[in-house]
Structures are given as C-alpha cells and as structure tokens.
Amino acid sequence: MPELPDVLTYLQCLRQRIEGKMLRRLRVNNPFVLRSVDPPPDDCEGKVVVGLSRMGKRIVIALESDVYIVIHLMIAGRFRWADAEGKPASLRAGLATFAFDSGLLTLVEAGTKRRASIHLV
C-alpha cells in the first residue's frame, strides 16, 4: 500500500500538473474502479481543479461546483502522467484516465485484484 510519504509526493506532483487546470474528460476503463453512482463521471468534465488534499491515504481532487474525486490507490495503484504530446499508458493497464489540456493522468494497478477505487462525491 502506498504509505503516507508516497501519497504526499503524489499530491505535490499533481498540484504542479493539474491544479487550476480544467478536467476535459474522465474515462473509467474498468467499471469496478468506480464505487459511487451519484454524481456520474460526466458531471466532472469541464470543471477546473480548485485544490488537492488527502483524507487519510486517499487523494482528494476538488473540482469547482463542490464536486470531489476521491481516489484510494490501495496496494498496487499508481498514477502515470503523460504530457499532452506524450504517449499515454495503455488502456488495458489503465483503470481510469483523466484528460487535462496539459496532459493525461492514468490510474493504473500492477496487481490483478483491482482494489483501487474512485468515489465521486
């Protein structure tokens, strides 16, 4: 499981890349990663990231209009970043992708158990 220093490092790196940027598209590639039904993923699209924080070992991405994306990486979950002109991680490996003007953030999981989760609140 990513420990607290790993989560803090992710937050620091994500702040530089996505804070203040518009989330153009949220694509859930594996239906089991999304653990909530309301609001739907479409409600996140077109909103600007207004902040990043943590809740325990979960990463919280705050969007405008009081929409939050809460990501729990669990044991084998990781983020991969690809610049706008770079090559993104393969869709087979990615559980979810977050498209920004500056690049593509992909949630991947190394194991086969698929324990990582996303809650939209």
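User: Where does Ala 110 lie?
Analyst: Ala 110 sits in the loop between strand 7 and strand 8 (117–120). Strands here (E, at least two residues) and helices (H or I, at least four) are DSSP runs, numbered from the N terminus.

User: What kind of model is this?
Analyst: This is a predicted model, where local features need pLDDT of at least 70, side-chain atom pairs count only at pLDDT 80 or more, and totals for chains, interfaces and linings use all residues. Residues are numbered from 1 along each chain as its sequence is written, and side-chain values use heavy atoms, with hydrogens and water left out.

User: Back to Ala 110: buried or exposed?
Analyst: Ala 110 is exposed, at 73% relative accessible area. Exposed means over 50%, buried under 20%, and partly exposed in between, with a 1.4 Å probe and protein chains only.

User: How far apart are Ala 110 and Asn 29 in space?
Analyst: They are 15 Å apart, C-alpha to C-alpha, and 81 residues apart in sequence.

User: How many salt bridges does a search of the whole structure find?
Analyst: The search finds one. A salt bridge is a side-chain nitrogen of Lys or Arg within 4 Å of a carboxyl oxygen of Asp or Glu.

User: Which side chains meet in it?
Analyst: Those of Asp 101 and Arg 24, at 2.8 Å, N to O. The pair links distant parts of the chain, 77 residues apart: Arg 24 is in strand 1 (residues 22–28), and Asp 101 is in the loop between strand 6 (94–100) and strand 7 (103–109).

User: What does Arg 24 count as in accessibility?
Analyst: Arg 24 counts as partly exposed, because its relative accessibility is 43%.

User: New topic. How many aromatic pairs does the structure hold?
Analyst: One. Tyr 10 and Phe 79 are edge-to-face, 5.3 Å centre to centre with 90 degrees between the planes. Rings of Phe, Tyr and Trp (its six-membered ring) pair if their centres lie within 6.5 Å; planes under 30 degrees apart count as stacked, over 60 as edge-to-face and the rest as tilted.

User: Which parts does that pair tie together?
Analyst: Tyr 10 lies in helix 1 (residues 4–18) and Phe 79 in strand 5 (residues 77–83), so the pair ties together parts that are 69 residues apart in sequence. Tyr 10 and Phe 79 are both buried.

User: And the chain as a whole, how many helices and strands are there?
Analyst: The protein chain has one helix and eight strands. The order from the N terminus is α-β-β-β-β-β-β-β-β.

User: How much of the chain is buried?
Analyst: Buried residues make up 41% of the 121 residues.
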